[in-house]
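Work through each task on the structure before reading its solution.

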Amino acid sequence: MAGTALTVEVVSDLPHLEALEGEWNSLAWGIPWPMAQFGWIISAARAYQDDRLCIIVLRKSGTIQAVAPFVLRRYGLAHRLECLDHKLSEPQRLIARNEHYLQLLLKVLRMARYPLLLRGSATTSEDVHEFKRLTRAGLWVEKTSGSQDSFVPFSDIGQDLEERMSTKRRCTLRRKRRAAEKHGTVRFTITRPRPDELPELLDEFCRVESSGWKGRAATGLQYDSKRSSFFRMYSTRMAHEGALRLGFMTIGNATAAVRLDVIWANKSWELEIGYDEHFAHCSPGLLLSHEALRHGQAEGLLGHHFLGEAEPWHDTWAANKVNRVTLRYYPTTMSGMSALFQDALSRVGRTIRRRRRLLSADGKGAPGKSDAHLKENRTNPMTAT
């Protein structure tokens, strides 16, 4: 890049990352994606410090124009670049002021000669288009994983949300509400809490979110100290900005369902949701989600993102689906070939395990008990019809 005003900086420790807050905010403020914002990035970097920070910063005339928020992870016998928030399992993207600087950032990443993994990019995004165009000089793979997430647009503020729903879905909501009311008075609280209110509210949120099967599997926030630390730090930052939204559904004196959203770019983004299994037959998570969407529409928001994998219950509100892919880059180096071999081996192993489970019941291709158990855990009883 000689002869230009472009410089590349590699941020490898927290103090240097913290020093970028003002500049990062100036770059990312207009990006309609909460995971691109400094609050998300710094909370993830502080909560997850097992991997080495390797944040690529592209400047022109001293001003940040693009950022790749990566860590350098040990992968088999080599190292690989992955997003520093990879353990949070949310869609990932590169951050750039415009398409020109995104192209330059990808060229820098290609020159770094490390294998690269970027999960959850929307198929229509510039990331995917430029990745395909600029990685042709090396060995690369774009994996179409079939992953989707859901978005409910609020196209008309004056339109009742239930007008998007089928008659059957509306009847289901009313039936679930009546079932809940048999156990006591039903109340919904959708609030943007002040920072001083947050600790107590998050304690109750984590208690409910970590109950039921998440408690038995020890996968809830109360059992994952790093993930819990991330959400507490991030929630505190968003509460200070007035952008955090918490939802609670109570039946009598019991908290039946909880949810945590962030409001960004005039949309709500669902980050976590949980419920008390004692009320599963009432589908409290479905009822609370409906109230949260109604609340957002009344506030004048443009829509609601259900992050994570699209679920059938999202179709309650005729949700649009966003297709996402996993982008993989393997440079023609020893580390690139090692990562390629490791990924291929992992895919073969997953295929073998899946086929064994399918044959485990009676040897005739019927789903085995292990698959039935997994399906039961993945299917959310709070939304059963």
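**Exercise 1.** Determine the handedness of the crossing of α7 and α9, then describe how the two helices pack.

Solution. The crossing of α7 and α9 is right-handed; the model is a predicted one. Next, take the geometry: helix α7 (residues 198–209) packs against α9 at an angle of about 135°, and the two axes are 11 Å apart. Because an angle has to be over 145 degrees to count as roughly antiparallel, α7 is classed as oblique to α9. Then list the contact residues. On the α7 side they are L198, P199, L202, D203 and C206, and these meet R232, S235, T236 and A239 in α9. Sorted by class, this contact of α7 with α9 holds five nonpolar, two polar and two charged residues.

**Exercise 2.** Find how helix α3 is oriented relative to helix α9, and which residues of the two meet.

Solution. Start with the axes. Those of α3 (residues 38–47) and α9 (residues 225–240) come within 9 Å and cross at roughly 150°. The angle therefore makes α3 roughly antiparallel to α9. As for handedness, α3 passes α9 in a right-handed crossing. Eight nonpolar, three polar and three charged residues make up the contact of α3 with α9.

**Exercise 3.** Describe the packing of helix α6 with helix α10 by angle, axis distance and handedness, and sort the contact residues by class.

Solution. Helix α6 spans residues 167–181 and helix α10 residues 284–299; they pack at an angle of about 115° with axes 10 Å apart. The crossing of α6 and α10 is left-handed. From α6, the residues L173, K176, R177 and A180 meet L286, L287 and H290 in α10. By class, the contact of α6 with α10 divides into four nonpolar, one polar and two charged residues.

**Exercise 4.** Locate the second largest pocket, and state which strand supplies the largest share of its lining.

Solution. The second largest pocket contains about 270 Å³ of space. It is lined by 15 residues, of which W33, R93, A122, S125 and R324 are the closest to its centre. Now assign the lining to strands. At least two lining residues come from each of β8 (116–122), β13 (267–275) and β15 (320–330). The largest share belongs to β8, which gives three residues to the lining. To finish, sort the lining of this pocket by class: five residues are nonpolar, six polar and four charged.

Terms used:
Residues numbered from 1 in each chain as written. Predicted model: local features only at pLDDT ≥ 70, side-chain atom pairs only at ≥ 80, totals over all residues. Heavy atoms only, no water. 1 Å grid on protein atoms, 1.4 Å probe; cavity = no way out; pocket = protein on both sides within 12 Å on 5 of 7 lines; lining within 4 Å. Points joined across faces, edges and corners; volume = space filled by probe spheres on them. Helix = DSSP H or I, 4+ residues; strand = E, 2+ residues; numbered from the N terminus. Nonpolar A, V, L, I, M, F, W, Y, C, P; charged D, E, K, R; others polar. Axes fitted to C-alpha atoms, helices over the stretch in contact; angles between N-to-C directions. Parallel < 35°, antiparallel > 145°, perpendicular 65-115°, else oblique. Left-handed = near helix turned anticlockwise from the far one by under 90°. Contact = heavy atoms within 4.5 Å.
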